[in-house]
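Please open the structure in the viewer and keep the selection panel at hand.

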Amino acid sequence: MGNKSSLMLQEQDIRDIQSETGFLPSQIERLYSRFTSLDKGDNGTLSREDFLRIPELAINPLGDRIVHAFFKESEDDHVNFRQFVRVLAHFRPIKRTQDNKLNAREEKLRFAFKMYDLDDDERISREELLAVLHMMVGENISDDQLNSIAERTILEADKDGDQMISFEEFCCALERTDVEQKMSIKFLK
Amino acid sequence: MSATAHHLLEIRRYYINFLLKLFAFGQKKVERKRVGKDQDDSETSFSEFDQPSLSFEQPRALGIDEDNKGFHMDHVLEYVTAGMASIMEDNVTKYFEPEELPMWNLLSRTNDRAYEFVSARLTVCWMVGFVVRYALLFPIRLIILTLGIPLFWLCMIIVGVFPNGQFKRWLNRKLVIFCFDFIAGSLSLVATFHNTENAPKRGIAVANHTSPIDSVVLATHNYYDMVGQKHSGLMGIFMRALSHASTHIWFERSDEKDRSSVVERLKERVNSPDLPPILIFPEGVCVNNTSVMQFKKGTFEIASVIHPIAIRFDARFGDAFWWQDKFHHYILHMMTSWAIVCNVWYLPPMTRYPEESAIAFANRVKAKIARQGGMIDLSWDGFLKAQPPKKEWLRQQQQEFARHLQVDNTEEEDQWSTKDKDE
């Protein structure tokens, strides 16, 4: 906070980000402050190491996958502030009275879908499901058991019989889930 | 000598009160401008108290619903959210950054949000403040410091001349306290000491650590031998000077042998009742003074009686937390602040219970210090400042999640196998 020089975010940038994401100006300023303090190299972008330096993220089983979500958009393995805020915007609570562009229920679900769908082919394959399961449980469950869990999960969700889970099937499977509660964060001002 | 010091202290207090009024004025101006910018936060049905987060002390699987057995694809949601929440703000790295102030204190270093353009009057205040701090206060403080260092050296050499014994210790005590008080003037240090009846005369004292000047603050009131990491440069000068007069323990943290010799030397000291108290900072690193991080257990294994001391700085006047890369940048920062204001509480000595482990004892002392100073008591290890967390902690999270799946899983498997049989 006190260790970086003056605010390099222009008024216009803040307004653009506000209209794109719905964040309040004070929230955007605060996120910018956070962005610069994570940016240890002081070059205006974040690398994977910058993210994984956060201890609570480093011990999260899905840590790598979460970080990857930021880098999907960027071409050169660096995340700038706009990309940073855009990803976080998915986790804004849903506001009844506003137009929720990035944080509507469907957007949140799409984000969750992308956590599984690594190769971006709009389908979750058995391998992709297994990969996530493996991240979540580590060495504590045998491969056989994980296999049967994965198969059962696909069996339950797969409606069109292609042995993979499409986005519609995913949404259907999560119909009863309180997505808003599970995928929202209070953003500080 | 002490009368002039007292008189100076009064002046410093008037100065502090004046500054507080100035800050309050500034805050009113800032808030008036702020209200225009933010629109009201419209309603949501989201309850922020249920926000998912990973627990480090007691790992718990997130998002598991006991009624809904087996793995579901929505189990990942809360882990993702917990990760995102920690990217926005986490409970470890924020304590390695300077404390966030509730109001602007007219220093451009805490000025993240272009406060100086809020109002013309505020801008003038800031400019005047700038001139006062850099052109008036800083030169005075620099003079005091340049006089203080040779004075310090001289005193230490004088004490070193005498043979070891009671007189030497008495002289050492008097001169060191005087010198530190003198040098403390170069920072406009205003320290208030509470419960001075508990000030230790011997044994081991522990305190929370925010900056190198913690020792200076404590030494303006009571004499301690010190334990610390060897440093070069300005700090090294002080350390070498101190060693002329008494037995301090300076060591090299990266050297394993050096570290264990510290333990040995501490053990020797615990058993000598004549020696002055020794001051230890069990966190091992500087933290930003809003929290107290894990205490290393070494000290608590050796001694069964500890004198806890809590130090809390008031960051509005100048943040004493050392985050700058170079020591002289840090000193420059401190000498151009308004003042360094802090409270020191001497807590009554604490004794280890018969069956209590060193770690439990350390945590008990830490909790007392944190509560007294109004700081948050954290279990995170301060060394996370420089090192990544152990892989073990990640494995624990995985284990917890697997445990919940496993139990449900075997039940499910039975269900499936009976179904097969029926078919």
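How many residues of chain B are in contact with chain A, and how many of chain A with chain B? In this predicted model, 61 residues of chain B touch 75 residues of chain A.

Colour the two chains separately and view the boundary. The size of an interface is often given as the accessible area lost when the parts come together. Here, about 6,600 Å² is buried between chain B and chain A, and carbon and sulfur atoms contribute 62% of that area. Next, select B:M73, B:I87 and B:M88, which supply 12% of the area that chain B buries against chain A, more than any other three residues.

Turn now to the charged and polar pairs. Three salt bridges are counted between chain B and chain A. To see a salt bridge, select B:D90 and A:R34, whose side chains meet at 2.8 Å, N to O. The interface also holds 13 residue pairs in polar contact. On the side of chain B that touches chain A, the elements giving two or more residues are α2 (75–88) and α11 (391–422) of chain B.

Select residues 25–38 of chain A, which form helix α2. Its 14 residues should span 20 Å at 1.5 Å a residue, and the end C-alpha atoms are 20 Å apart, which agrees. Because 14 of the 14 residues of α2(A) are buried, this helix is largely enclosed by the rest of the structure.

Finally, select residues 203–314 of chain B, listed by UniProt in an unreviewed entry as "domain: Phospholipid/glycerol acyltransferase". Over this range the chain is 36% helix and 24% strand, with end C-alpha atoms 29 Å apart.

Notes. Residues are numbered from 1 along each chain as its sequence is written. Chains are lettered from A and ligands numbered from 1 in the order in which they are written. This is a predicted model: local features need pLDDT of at least 70, side-chain atom pairs count only at pLDDT 80 or more; totals for chains, interfaces and linings use all residues. Side-chain values use heavy atoms; hydrogens and water are left out. UniProt positions are given in the numbering used here, feature names are shortened, and annotations may be inferred rather than shown by experiment. Helices (H or I, at least four residues) and strands (E, at least two) are DSSP runs, numbered from the N terminus. The expected span of a helix is 1.5 Å times one less than its number of residues. Buried means under 20% relative accessible area, exposed over 50%, partly exposed in between (1.4 Å probe, protein chains only). Contact means heavy atoms within 4.5 Å. Buried area is the accessible area (1.4 Å probe) that two parts lose on being put together, summed over both. A salt bridge is a side-chain nitrogen of Lys or Arg within 4 Å of a carboxyl oxygen of Asp or Glu. A polar contact is a pair of N or O atoms within 3.5 Å; within protein, one must be able to donate a hydrogen and the other to accept it, and residues adjacent in sequence count only if both atoms are side-chain atoms.
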